[in-house]
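Colleague: Could we take a close look at a single part of this model, the place where the two chains meet? I am new to this structure, so please spell out the terms.

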Amino acid sequence: MSVEERFSDEVIKTWERLKKEAEEAGYRLNPDRVFTLRLVQGLIENEKRYGYWCCPCRLAFGEKDKDVDVICPCYYRDSDIEEFGACYCALYVSDEWIEGKKKHGSIPERRPAKFMRDGYSETPAPPQSLAPSPQPLSLPVWRCKVCGYLCARPEPPGKCPVCKAGKDRFERFM
Amino acid sequence: MKFTHVPGRNAKHRVTLYALSTCGWCKKTKELLDSNQIQYEYIDVDQCQGEERAEVSTKVRELNPRGSFPTIRIDGDVVAGYDEDRIRELLEL
């Protein structure tokens with residue numbers, strides 16, 4: 001690792017903001033400063049190239065609809081942190097991972113092969129095990145596809161209060 | 001496909017790395033090769049455009065059906081992801 005690796009103010013400011021937001025929401029950023037700053041630099045680079053924060057460790061299609069599942073934070077983050085202690089690019093990690101109880105290195109790609117090849121597509125799978133609501137809901141329930149946050153209101157929020165994912169990453173849940 | 005050739009004292013193996021310029025694990029892979037003076041060639045697929053990008057992506061998928069990065073070919077073997085132990089084993093480090 002080169003000792004002189006320099007990062008712009010924009011990268012450092014973004015990293016500081018992400019770290020603060022992550023900790024407030026119960027997540028942890030990778031404590032390896034240089035590794036993490038490189039990822040943040042990659043996210044900013046992808047913002048410039050594609051207009052959104054495509055995962056730095058995945059090849060973007062360059063079309064938002066096709067990449068929406070791998071916009072950071074991606075739909076696979078929480079499951080990967082749960083199973084491997086780190087998300088795919090290792091920007092977000094668990095305490096166990098930090099303490100060295102989980103192996104550090106690449107983890108298997110959870111994104112379905114079909115999405116890898118052709119891009120994301122909606123697969124409507126209504127929750128079948130849930131009992132039908134005894135009475136009609138007074139408001140629709142929206143689910144954040146990144147972190148699972150639920151809220152009942154006429155429209156999804158502009159930004160998820162937990163993980164900061166945008167409005168377009170919510171789905172109608174009930 | 002335009003590969004970047006990285007000279008190194010250890011040229012015992014033919015090493016080809018398919019990487020993304022923004023990926024942390026790809027950078028770790030380059031560092032591992034560099035610090036061991038391995039001779040290799042690499043391509044940052046995200047820096048490729050249009051037809052070349054499609055062509056390289058197809059090649060990556062041939063070697064590693066998931067098409068994930070980094071994909072490292074060492075002689076006749078393919079390593080998907082930054083698997084330091086496996087890379088060291090294949091490079092006899």
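Modeller: Chain B and chain A bury about 2,000 Å² between them, with 51% of it on carbon and sulfur atoms; buried area is the accessible area (1.4 Å probe) that two parts lose on being put together, summed over both. This is a predicted model, in which local features need pLDDT of at least 70, side-chain atom pairs count only at pLDDT 80 or more, and totals for chains, interfaces and linings use all residues. Residues are numbered from 1 along each chain as its sequence is written, chains are lettered from A in the order in which they are written, and side-chain values use heavy atoms, with hydrogens and water left out.

Of the area that chain B buries against chain A, 36% is supplied by B:Thr22, B:Trp25 and B:Arg66, more than by any other three residues. In contact (heavy atoms within 4.5 Å) are 23 residues of chain B and 28 residues of chain A.

Two salt bridges are found across the interface of chain B and chain A, a salt bridge being a side-chain nitrogen of Lys or Arg within 4 Å of a carboxyl oxygen of Asp or Glu. A salt bridge joins the side chains of A:Arg38 and B:Glu31, at 2.4 Å from N to O.

On the side of chain B that touches chain A, the elements giving two or more residues are helix 1 (24-35) and helix 2 (50-63) of chain B; helices are DSSP runs (H or I, at least four residues), numbered from the N terminus. Helix 1 of chain B gives the largest share of that side, five residues.
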